[in-house]
Amino acid sequence: MYDTIIIGSGPAGLTAGIYASRSKLKTLMLTSQANPSLITTTDIVENYPGFPGGINGYDLIERFKEQAVSFGLEVVEDDVISLEQITHDGKEAWRANTHEAAYEAFTVILATGTEYARLDVPGEQEYTGRGVSYCATCDAPFYRDAHVAVVGGGNAAIQEALFLTRFARKVTVIHRRDRLRATKVLQDQAFANDKIDFAWNSIVDEIIGDTVVKGVRLSDSTDPSKKRTIDVDGVFIFTGNVPNTGFVRGLVACDKDGFIKVDAMMRTSAKGIFACGDCTEKLLRQVVTACGDGATAAFASEQYIQDLKGNAYVSWEAR
Amino acid sequence: MNEEKFVDNPEAPIVLTDDDIDKAVEKYPFIVVDCWAEWCGPCRMLGPIIESLAKKHQGDIVFAKLDVEGNPRTASKYGIRSIPNLIVFKNGQKAGDIVGAMPENKLLERINAFR
């Protein structure tokens, strides 16, 4: 029996792990091997305080983990498939079920993050790993002097397009609208980069190729009868994120896109379940905001447990 | 060439290069080559899984690692466009590949499907 189980090992989960372990809560972290934290695929994180000049996403996470483990955090690699309510010594608790095991705790902190959205067009799945990629940091070096397409118009798309220009000869950003959603600083860099051009008002209908990707078929979002094909050697897809919350739908309240609703104390609609980081409904999904959420979730979880065990300084229910 | 590198039943992944991958593929009837790079987060995450599988399946499946950074010929020969990329060789021939990080049990399932 644990005090708290943290599901997910990105910045939110690991910060919750640091706070919970340091508070001497018996804490277990269940990490997913199927969905590694997206920050680990980020080449450089430039806006996390304390690292002037930036730090590689994977290296940053390794530091978080080292810090959390030094406080006694227990980490098990196992994918949670469901949560169920149980009672332990007459107290409400939760059981996290994986394919082969079950773990019990008084509270659960969901920090499951998001994964990249798929386009769901013909060719996407077929050519994944053969020209279709969701990780520019991993795969850009295979596209030296090539022409690649980046699909999307948000921060991730533009940041990755800029990264790809270090290797590719030409990068075409395909976006369904006539302007970008990305922040101005990224837009300015993209517009100033002569390796980047734009296919505005364009929707990807199909990814085509033989053994590898050879091109994309596009249609005009303002006039679907207007179609064209552009020849590219690779397609990098960054059209948004979907939360890894499938296993808790119906258990905790979510918004229409599946992001978990939380209050300022990171409480979900289910008693004893907290959520933090990118998997929650929030304005800004960044490492620094995930960390803040994680710390709050751990602290709130600790208060809840003290209350449950009858030794709270101020009753949780009064909050 | 270091002969001792290719022991009969390695308990840890063998580190291969462009120069000796062919020799390894020739020697071992069933070998999984993990093509990876330092810059790739998911590859580094897969590293411990490969090590664990190598140990658990010693004498059954041979695992190897090849850093694509210093070994561009292998990446180009096998048309690698995404890493982590695990190339599975059976009886000296490429039987297929597995792209992306995944849990240990799922990875083992995918590998066994090539037998």
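A: In chain A, five strands make an open sheet with the order 8-15-9-10-11, paired in parallel; strands and helices are DSSP runs (E, at least two residues, for strands; H or I, at least four, for helices), numbered from the N terminus, and two strands count as paired if DSSP finds at least two bridges between them. This is a predicted model, in which local features need pLDDT of at least 70 and side-chain atom pairs count only at pLDDT 80 or more, while totals for chains, interfaces and linings use all residues. Residues are numbered from 1 along each chain as its sequence is written, chains are lettered from A and ligands numbered from 1 in the order in which they are written, and side-chain values use heavy atoms, with hydrogens and water left out.

Q: Which strands stand at the edges of that sheet?
A: Strand 8 and strand 11 (196–199) of chain A do, and because each has a single partner strand, one side of each has no neighbour in the sheet.

Q: And how is strand 15 of chain A joined to strand 8 and to strand 9?
A: Strand 8 (residues 132–133) of chain A runs parallel to strand 15 of chain A and is joined to it by two bridges, with A:Val235 as the bridge partner of A:Val132. Strand 9 (residues 147–151) of chain A is also parallel to strand 15 of chain A, through four bridges, and there A:Val148 stands opposite A:Gly234.

Q: Are the residues of strand 15 of chain A buried or exposed?
A: In strand 15 (residues 234–237) of chain A, A:Gly234 and A:Phe236 point one way, A:Val235 and A:Ile237 point the other way, and all are buried; buried means under 20% relative accessible area, exposed over 50%, and partly exposed in between, with a 1.4 Å probe and protein chains only.

Q: Switching to cysteines, how many disulfides are there over all chains?
A: A search of the whole structure finds two, where a disulfide is a pair of cysteine sulfur atoms within 2.5 Å. A:Cys135 and A:Cys138 form a disulfide with sulfur atoms 2.3 Å apart, and B:Cys40 and B:Cys43 form a disulfide with their sulfur atoms 2.3 Å apart.

Q: What is the handedness of the links?
A: The link of A:Cys135 and A:Cys138 is right-handed, with 70° about the S-S bond, and the disulfide of B:Cys40 and B:Cys43 is right-handed because its torsion about the S-S bond is about 85°.

Q: Are these cysteines buried or exposed?
A: A:Cys135 counts as buried at 10% relative accessibility, A:Cys138 is buried at 1%, and both B:Cys40 and B:Cys43 are buried.

Q: On to chain B: what is its make-up?
A: Chain B has four helices and five strands, which run β-α-β-α-β-α-β-β-α from the N terminus on. Its C-alpha trace spans about 30 × 30 × 20 Å along the principal axes, and 53% of its 115 residues count as buried.

Q: Which residues of helix 4 there are buried?
A: In helix 4 (residues 104–112) of chain B, B:Glu104, B:Leu107, B:Leu108 and B:Ile111 are buried. Seen down the axis of helix 4 of chain B, its buried residues fall within an arc of 100°, so they line one face of the helix; the arc is that of the directions from the helix axis to the C-beta atoms.

Q: What covers the buried residues of helix 4 of chain B?
A: The cover includes strand 2 (30–36), helix 2 (41–56), strand 3 (62–67), strand 4 (85–90) and strand 5 (93–99) of chain B.

Q: Last one, what does B:Ile14 touch?
A: B:Ile14, which lies in strand 1 (residues 14–16) of chain B and counts as buried at 5% relative accessibility, touches B:Lys5, B:Phe6, B:Tyr28, B:Val62, B:Phe63, B:Ala64 and B:Lys65, not counting residues up to four places away in sequence; contact here means heavy atoms within 4.5 Å.
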